[in-house]
Amino acid sequence: MTVREVEHEITIAAPAAAVYRLIAEVENWPRIFPPTIYVDHVERHANEERIRIWATANETAKNWTSHRTLDPEGLRITFRQEVPAPPVAAMGGTWVIEPLSGARARVRLLHDYRAIDDDPDGLAWIDEAVDRNSRSELAALKTNVEAAHAAEGVTFSFEDSVRIDGAVKDVYDFVNEAGLWEERLPHVARVRLEELSPGLQILEMDTRAKDGSTHTTKSYRVCLPVQRIAYKQVTLPALMTLHTGYWTFREHEGGVTASSQHTVVLNTANIARVLGESATVEDARDYVRTALSTNSRATLGHAKSYAESRR
């Protein structure tokens, strides 16, 4: 049985603890790994977890499950794929983050793997794929961790909620059936919904602003009946470099609480062009929050009317 062990490394201009946190806390992954749409915990114990990852690949999306062991003291994260794809028989590895100074860290990415039946052609294929992917992943990690660390001051999250006297399935269906939003929501001018596989969607739509203008957005959505719909916007308005979010549906006595959560990173380079030379980061934050919240509250309001009318 031939087990190959390889190592790649890169230096990142951010403190080691910040790099570890961004990799360890999977809710950050849509910020630091551009292909990642959403990551969900399947199981979670003290320092052991199973995570399900949805990510884009060549204009489509896929998902898989990995097991991880976290070592916050040693700044190490060990991972293993649960169901490797042929020609891989087994695949695992470790992230090792080493402080170089208070503001710089070395990130080492270790892999161990073997090919099905020890096939030499299969092993050569895996060698090439791991080398290519590790180099590109570490380069992207450096770029995006440095950007995420620098952008902490222009990154913010918020949530809107509404209580609904109706069935949770009806509320969930209203948000899940986004292909009908053009006829159900006044602020949606055009919509195109594609279901890549059950629960995995591409949503493209034109949304009307208060001034009558429209803008186009495109998102990948992960739908987990009847609890959560998570999304990552891949076509963004000028004032944002990142927009992720999720809709949640919590059933309780007396009905349902439906919520819309947003996480945004502002594009500070466009503030003056969009809002005027005297506009501040705080102005941009207020503008973006108001625009997103207005649409979320409108959608939640129509979902409430829909669900309550079906009681």
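**Exercise 1.** Identify the elements that each supply at least two residues of the lining of the second largest pocket, and describe that lining.

*Solution.* 
Step 1. Strand 10 (200-208), strand 11 (214-224), strand 12 (228-235), strand 13 (240-252), strand 14 (255-266) and helix 7 (281-309) each meet this criterion in the predicted model.
Step 2. Helix 7 makes the greatest contribution to the lining of the second largest pocket, namely 9 residues.
Step 3. The lining comprises 35 residues, and those nearest the centre of the pocket are Thr207, His215, Ala291, Leu292 and Asn295.
Step 4. Sorted by class, the lining of this pocket holds 15 nonpolar, 16 polar and 4 charged residues.
Step 5. The space in the second largest pocket amounts to about 870 Å³.

**Exercise 2.** Determine the strand order of the open sheet formed by 7 strands, and state which helices lie across strand 8.

*Solution.* 
Step 1. The order is 8-14-13-12-11-10-9, with antiparallel pairing.
Step 2. Strand 8 (155-164) and strand 9 (188-197) are the edge strands, each of them pairing on one side only.
Step 3. From one strand to the next, the twist averages 20°.
Step 4. Helix 4 (residues 168-176) lies across strand 8, strand 9, strand 10, strand 11, strand 12, strand 13 and strand 14, and its direction makes an angle of about 160° with strand 13.
Step 5. Helix 7 lies across strand 8, strand 10, strand 13 and strand 14, running at about 20° to strand 8. Helix 7 is also the element that gives the most to the lining of the second largest pocket.

**Exercise 3.** Trace the pairing from strand 9 through strand 10 and strand 11 to strand 12.

*Solution.* 
Step 1. Strand 9 and strand 10 run antiparallel and are joined by 8 bridges. Within this pairing, Glu195 has Gln201 of strand 10 as its bridge partner.
Step 2. Strand 10 is in turn joined to strand 11 by 9 bridges, again with the two strands antiparallel. Here Thr207 is partnered by His215 of strand 11. Both Thr207 and His215 are among the residues nearest the centre of the second largest pocket.
Step 3. Strand 11 pairs with strand 12 over 7 bridges in the antiparallel sense. The bridge partner of Cys223 in strand 12 is Ile229, and the hairpin formed by strand 11 and strand 12 has 3 residues between them.
Step 4. With under 20% relative accessible area as the cut-off for a buried residue, 8 of the 11 residues of strand 11 are buried, and the strand is mostly covered.

**Exercise 4.** Characterise the largest pocket by its volume, its lining residues and their classes.

*Solution.* 
Step 1. The volume of the largest pocket is about 1,300 Å³.
Step 2. Its lining consists of 37 residues; Lys62, Trp64, Gln81, Asn133 and Glu137 are those nearest the centre.
Step 3. Two or more lining residues come from each of strand 3 (48-57), strand 4 (60-71), strand 5 (76-81), strand 6 (88-99), strand 7 (105-115) and helix 3 (120-150).
Step 4. Helix 3 gives the most to this lining, with 10 residues.
Step 5. The classes in the lining of the largest pocket are 22 nonpolar, 10 polar and 5 charged residues.

Methods: Residues numbered from 1 in each chain as written. Predicted model: local features only at pLDDT ≥ 70, side-chain atom pairs only at ≥ 80, totals over all residues. Heavy atoms only, no water. 1 Å grid on protein atoms, 1.4 Å probe; cavity = no way out; pocket = protein on both sides within 12 Å on 5 of 7 lines; lining within 4 Å. Points joined across faces, edges and corners; volume = space filled by probe spheres on them. Helix = DSSP H or I, 4+ residues; strand = E, 2+ residues; numbered from the N terminus. Nonpolar A, V, L, I, M, F, W, Y, C, P; charged D, E, K, R; others polar. Pairing = 2+ DSSP bridges. Axes fitted to C-alpha atoms, helices over the stretch in contact; angles between N-to-C directions. Contact = heavy atoms within 4.5 Å. Buried < 20%, exposed > 50% of the residue type's maximum accessible area, 1.4 Å probe, protein only.
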